[in-house]
Amino acid sequence: METAIQLSDLPPGNTDNTDLFATIADSLVERGYCILPDALPAHITDALVRCQQSVSKDAFHRAGIGRQTDFQHDSRVRSDEICWIDGVLPEGQLWLGWCEQLRTYLNRHLFMGLFSVESHFACYEPGAFYQRHVDAFVGEGNRVLSMVTYLNDNWQLEDGGELVLFADEHDTEGTAVLPRLGTLVIFLSERFPHEVRPATRKRLSVASWFRLNGSHQGKIDPPR
């Protein structure tokens, strides 16, 4: 897999999200993913950090795998804790609004048919992990696009906690991404297996998924 795109690769004079969104769209077309260090606008990053810090620890709960009737906890697969972002706090509203702008841009330029976005904070205590997995099995889910951003200031190589993105099911090396503040990783949900390695310090991130409308015969999916 290719290395990350640097901010220096973005066109100059980026006063709004257009150039960033265009870079994301071009990367998705060319290779199905993008890794953008220090790409999230600073005011968005700051708002997410404030929002995460203001959320009570009791609001976080043990993460599971699967959805609805297939949902289960399995500490052999993942050991992080999550808190869904519902937009009640103004910082959460700002983040979800930014995601909505990206959704609209991708639909307009790539015709992806993205219907909604769901997003949560993820907290990995030292030693916590998430084994290799895919966010959506081909033809079995409506998660189309996955996005992760990080809230960890001054993260060093020796801290660990990398997200490893694999090219396909046969790739055993992958591309490791340090969870540094403001880094964005976006990829097609059905196509790229990935894992989260254990870290030596607490690791904070925001995971988001852009979804299709899977509603059928009065059953609302994604659930509201």
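The chain has 224 residues, with 3 helices and 11 strands; helices (H or I, at least four residues) and strands (E, at least two) are DSSP runs numbered from the N terminus. Residues are numbered from 1 along each chain as its sequence is written. Local features need pLDDT of at least 70, side-chain atom pairs count only at pLDDT 80 or more, and totals for chains, interfaces and linings use all residues, while side-chain values use heavy atoms, with hydrogens and water left out.

**Confidence**
- The mean pLDDT of the chain is 87, and 81% of the residues reach 70 or more; pLDDT is the predictor's confidence in each residue, from 0 to 100.
- Over residues 5-15 pLDDT stays under 50, and the model has 17 contacts beyond four places in sequence for this stretch; a contact means heavy atoms within 4.5 Å.
- Where pLDDT is low, the predicted coordinates should not be read in detail.

**Overall layout**
- The elements run α-β-α-β-β-α-β-β-β-β-β-β-β-β from the N terminus on.
- Of the contacts between residues at least 6 apart in sequence, 77% join residues at least 24 apart.
- Buried residues make up 49% of the chain; buried means under 20% relative accessible area, exposed over 50%, and partly exposed in between (1.4 Å probe, protein chains only).

**Open sheet**
- An open sheet is formed by 4 strands in the order β5-β10-β7-β8, with antiparallel pairing; two strands pair if DSSP finds at least two bridges between them.
- β5 and β8 (175-177) are the edge strands, each pairing on one side only.
- On average, neighbouring strands of this sheet are turned by 15° against each other, direction ignored; the axes are lines fitted to C-alpha atoms, for helices over the stretch in contact, and angles run from 0 to 180 degrees between N-to-C directions.
- β7 (residues 163-165) pairs with β8 in the antiparallel sense over 3 bridges, and L165 has T175 in β8 as its bridge partner.

**Nonpolar cores**
- The largest nonpolar core has 35 residues, and those with the most contacts inside it are I24, W95, W98, L102, L106, F121 and M147; such a core is a set of buried Ala, Val, Leu, Ile, Met, Phe, Trp, Tyr and Cys residues joined through side-chain atoms within 4.5 Å.
- Elements that each supply at least two residues of this core include α1 (18-31), α2 (42-54), α3 (90-110) and β6 (143-150); α3 gives the most, with 6 residues.
- A second, separate core of 18 residues includes V77, I82, V185 and F187.
- Beyond four places in sequence, W95 is in contact with L40, I44, L48, I85, S119, M147, T149, V206 and S208.

- H120 lies in strand β4 (residues 116-124) and counts as buried because its relative accessibility is 4%.
- Apart from neighbours within four places in sequence, H120 contacts I82, C83, W84, I85, S205, V206, A207 and W209.
- A128 lies in the loop between β4 and β5 (130-133) and is buried, with a relative accessible area of 7%.
- Not counting residues up to four places away in sequence, A128 touches S79, R197, P198 and A199.
- A128 and V196 are 68 residues apart in sequence, and their C-alpha atoms are 8.6 Å apart in space.
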